[in-house]
Number of protein chains: 2
Amino acid sequence: MGTRWLDEREDRAWRGYRRMRRLLDLELARQLTQDAGLSEPDYDVLSDLSETPRGRLRLSELADRMLWSRSRLSHHLTRMQQRGLVTREECADDARGSVVVLTTAGRQAIESAAPGHVAAVRRHLIDLLTPAEVDALGALSHRVVDHLADPDLRATRPQPEA
Amino acid sequence: MGTRWLDEREDRAWRGYRRMRRLLDLELARQLTQDAGLSEPDYDVLSDLSETPRGRLRLSELADRMLWSRSRLSHHLTRMQQRGLVTREECADDARGSVVVLTTAGRQAIESAAPGHVAAVRRHLIDLLTPAEVDALGALSHRVVDHLADPDLRATRPQPEA
DNA sequence: GCGAATTGGTTGACATGTCATCCAATCTAG
DNA sequence: CTAGATTGGATGACATGTCAACCAATTCGC
């Protein structure tokens, strides 16, 4: 069977998406390090932590939310720990587990970084879109996410029933 | 001045975009390594090279197209060179320069990887979107790219006239 | 209970990316 | 022409990410 290549409009969307991705990343990373001394991964960790009631989360729970491997998170946390942004505590329920805890410095870092970061996200993305485009992006991305999260739908051909 | 945080729909779009990014990356990388033994960066290098008439491009020209630093590209090329996918040749016009050349093996690699890769892009993204959404994504991403590429527009406040 | 399988997390080796520096070739101004 | 600035690219040191192996605590089957 011949390959269905991308037609002109599909190609335009795909190339545009990848270029946008890359440029947006570069700019947001630049802004973050310059204004707050944080990398994007740092920001994401702190941000997810700060959204929980007391700034604490099981390592695996945090990894799942971020779509990171436990290994990656563990490595990253040791680095952030050395900079005083987070600490690890032992887990009461499960002696294997560890709980990641936002330090005061970490809380401060994310709180002072957030306004500038959000402003950059607005300036370089959100505020450039019409309301309809914002909704379209929301709808389309969630559809893609749901699809990728469902192992059955992800396969090339229909899967045998469970 | 208070921060203009993202409202619910903007937040939904922004989070969705980032999750989509991540999951799509993971899946496409998985598919590429598994089916073709290439990483996404490998694929991009080969792809850009193969789009030129004779599979040759100045290193800096390639770096610019890919939005990579020359350093990154240079490192990556030495690795790809060791695997026999590309070679470097001296540049006739400019003795400092070097020309990146697609080898036969490199050409073969991209040609055999492309169909599966495009199919994955379709399956996990393009074919999940309505034609209107494809166009919207194309339009919006190009707008963002143009904005980020223009140093004047990128700044927080209006720049002084040139 | 108890041994086997599983899970949560860490670690080390290695691949990849970034940053600053360096060198040689080119360009520019006088 | 030629000294100084700039450019194209390579390189080494270091930060980050991945993968496989590992260890200890938990869970599962019986």
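Residues are numbered from 1 along each chain as its sequence is written, and chains are lettered from A in the order in which they are written. Because the model is predicted, local features need pLDDT of at least 70 and side-chain atom pairs count only at pLDDT 80 or more, while totals for chains, interfaces and linings use all residues; side-chain values use heavy atoms, with hydrogens and water left out.

Chain A splits into domain 1 (12-128) and domain 2 (130-162), with bounds from an automatic or database domain assignment. Their C-alpha centres are 24 Å apart.

Of the atoms of DNA strand C that come within 4 Å of the protein, 65% belong to sugar and phosphate.

On the base side, a polar side-chain atom of S71(A) sits 2.9 Å from a base oxygen of DNA strand C, and a side-chain N or O atom of H75(A) is 2.8 Å from a base oxygen. From chain B, an N or O atom in the side chain of R72(B) lies 2.5 Å from a phosphate oxygen of DNA strand C. Two or more residues of this surface come from each of α3 (59-66) and α4 (70-82) of chain A and α4 (70-82) of chain B, helices being DSSP runs (H or I, at least four residues) numbered from the N terminus. With five residues, α4(B) gives the most.

How values were computed
Near = heavy atom within 4 Å. Polar contact = N/O pair within 3.5 Å; in protein donor to acceptor, adjacent residues only side chain to side chain.
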